[in-house]
Amino acid sequence: MMADPQVADGVIPEDLDAHRALRRKDLLGIEDLDPDEIRLILDTAEHFKEISRRAIKKVPTLRGKSVINLFFEPSTRTRTSFEIAAKRLSADTQSISASTSAVVKGETLIDTARNIEAMFPDLLVIRHAFPGAAKVLADTCSAGVINAGDGAHEHPTQALLDALTIRDHKGDFDGLRVVIFGDIAHSRVVRSSIHCLRKLGAEVVLAAPPTFLPKGIEQMGVEVHHRLEPALEGADVVMALRVQLERGGKLSFPSTQEYFRLFGLNRERLALAKEDAIVMHPGPMNRGVEIASDVADGPSSVILDQVSNGVAVRMAVLYLLAGSGAAKHVETAA
Ligand code: CP
């Protein structure tokens, strides 16, 4: 069989089928993805991991494509890793934040989107406080739209990078007990995580004080606890969520110390989980509130693996949404 010239030229990683693509324009959430699409993204990310370990961390896969990051809310990990992912694929990137955009002068999201669209970008990445903001953008623009977190609705790439990290450490999802605890109500990612993990075959267990649990969350097919200890029994994966005081997360506790005493993940509580359980946190962490420092930095923690996998997953999503990326790139360049 003849070698694929795109692989030989280093346009795409070895063994990656140049014609794989998501048959959709946008990635708005995990709820609309089927398990095969999720596996396609994870498998593609697996191929892209290797590029970040090279001395020269760049392939020409998305040369000539442009990616615009619109971040209307603060972000460290998501924004940086989308920028790095796009650059490692040789796409042109531009990042816009609310404070430096015309939003501060009163421009609406739709007007902003129409103006950005007039510059012919290929992909738009958006983070916004309003649930549904990414959908509004996707309905307005012909460019592909990636949701980088719309309020407490969905944050699909975070759920995908978490799934990749779990797969790296546990191999398979079937029958895994994944405990997610903390401020479920205000979390950007928890709905995406529940959809993603259940579609892949894991059992999802939530633990939170009643004020941190949205009404009807049980209908998503999860086990719910109001105390952390019973949830942790036999857990394979323990994922802490930050208390989001800035989103109106009310502690219902006299202090953060009191919350930590009753709901923080410390070594004693972690000992209730399986011996080989892994500890995860999407970041940013509140040390001493939802998680003890010695657990966050301890041998069970895979928190920084999540961050590394964020780049690979976002490379995969950009590649797959750019529409058989490399194939198109080669045809256009020829
Ligand atoms: N996990 C996550 O979304 O982090 P950032 O808010 O820093 O992007």
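**Close-up 1. The shell around the ligand splits into one nonpolar, six polar and two charged residues.** Here Ala, Val, Leu, Ile, Met, Phe, Trp, Tyr, Cys and Pro count as nonpolar, Asp, Glu, Lys and Arg as charged, and the others, Gly among them, as polar. Around the ligand you'll find Ser75, Thr76, Arg77, Thr78, Arg127, His155, Gln158, Pro282 and Gly283, where being near takes a heavy atom within 4 Å. Heads up: this is a predicted model, with local features needing pLDDT of at least 70, side-chain atom pairs counting only at pLDDT 80 or more, and totals for chains, interfaces and linings using all residues. Numbering runs from 1 along each chain as its sequence is written, and side-chain values use heavy atoms, leaving out hydrogens and water.

Close-up 2. A backbone N or O atom of Arg77 lies 2.9 Å from a ligand oxygen. The side chain of Gln158 puts an N or O atom 2.9 Å from a ligand nitrogen, and a polar backbone atom of Pro282 is 2.8 Å from a nitrogen atom of the ligand. Taken alone, the ligand exposes 260 Å², and the protein buries 93% of that (Shrake-Rupley areas, 1.4 Å probe).

**Close-up 3. An edge-to-face pair, Phe48 and Tyr319.** The whole structure holds three aromatic pairs (Phe, Tyr or Trp rings, the six-membered one for Trp, with centres within 6.5 Å; planes under 30 degrees apart are stacked, over 60 edge-to-face, the rest tilted). In this one the ring centres of Phe48 and Tyr319 are 5.4 Å apart and the planes sit at 70 degrees, so it counts as edge-to-face.

Conventions:
A polar contact is a pair of N or O atoms within 3.5 Å; within protein, one must be able to donate a hydrogen and the other to accept it, and residues adjacent in sequence count only if both atoms are side-chain atoms.
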